[in-house]
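Hi everyone, thanks for making time this morning. Let me put the sequence and the model up on the screen, and then we can walk through a few spots together.

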Amino acid sequence: MERVLVSACLLGRRVRYDGGAKTSEDELLATWNSEGRLVPFCPEVAGGLPVPRPPAEIEGGAGGAAVLAGTARIVTPDGDDVTEAFLAGARRALDAARASGARVAILKEGSPSCGSLRVYDGTFTGRTTPGQGVTTALLEQNGVRVFDEDDIAGAARHLRDR
Ligand code: SF4
């Protein structure tokens, strides 16, 4: 059975910047979890960041691809540059996907690492903008299809149809 990479916070791991989780109640995800099919992973912790940690956003509302290309940074509200830790986490996420054979990931929407449809716009005012997080961008550039926690059915269809 094909493995699926999943944001660890969606599985109840308390790895978010604020020390909490974002546990998904999705039944299909629970089924896959009970089957041992899921590969829980937190790119930011894997990149060496602590729990809790300051929030971080991609400067200028740019997407993860710009961070990978070196044209945008990821910063905290105090202006600390945490780009390298985010890049390291993204590379480790890709390593984890490859090691497990996962070609699909379900990642937490809105995160500067895990977002797939939107990210915060870099102003720390709660506004979002269309774009991907840096882990999502790296995974998709390498053939791992990323879905958010509201489209687990889409991930299932993708696994079934291809
Ligand atoms: Fe969850 Fe991803 Fe943020 Fe880790 S980096 S806490 S897995 S959204």
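Helix H4 (residues 83–100) and helix H5 (residues 134–141) have axes that come within 9 Å and cross at roughly 40 degrees. Helices here are DSSP runs of H or I with at least four residues, numbered from the N terminus, and axes are lines fitted to C-alpha atoms over the stretch in contact, with angles from 0 to 180 degrees between N-to-C directions. H4 and H5 are therefore oblique to each other, since angles under 35 degrees count as roughly parallel, over 145 as roughly antiparallel, 65 to 115 as roughly perpendicular and the rest as oblique.

Before I go on: this is a predicted model, where local features need pLDDT of at least 70 and side-chain atom pairs count only at pLDDT 80 or more, while totals for chains, interfaces and linings use all residues. Residues are numbered from 1 along each chain as its sequence is written.

Who meets whom? On the H4 side we have Phe86, Leu87, Gly89, Ala90, Ala93, Leu94 and Ala97, and they meet Val134, Thr135, Leu138 and Leu139 of H5. Contact means C-beta atoms, placed from the backbone, within 7 Å.

Now please look at tryptophan 32, in helix H1 (residues 27–34). Is tryptophan 32 buried or exposed? It counts as buried because it has 22 C-beta neighbours inside 10 Å; the cut-offs are 20 or more for buried, 12 or fewer for exposed, and partly exposed in between. Leaving aside neighbours within four places in sequence, tryptophan 32 is in contact with Val4, Arg37 and Leu38. Methionine 1 is 31 residues away from tryptophan 32 in sequence, and their C-alpha atoms are 9.8 Å apart.

Methods: Helix = DSSP H or I, 4+ residues; strand = E, 2+ residues; numbered from the N terminus. Contact = placed C-beta atoms within 7 Å.
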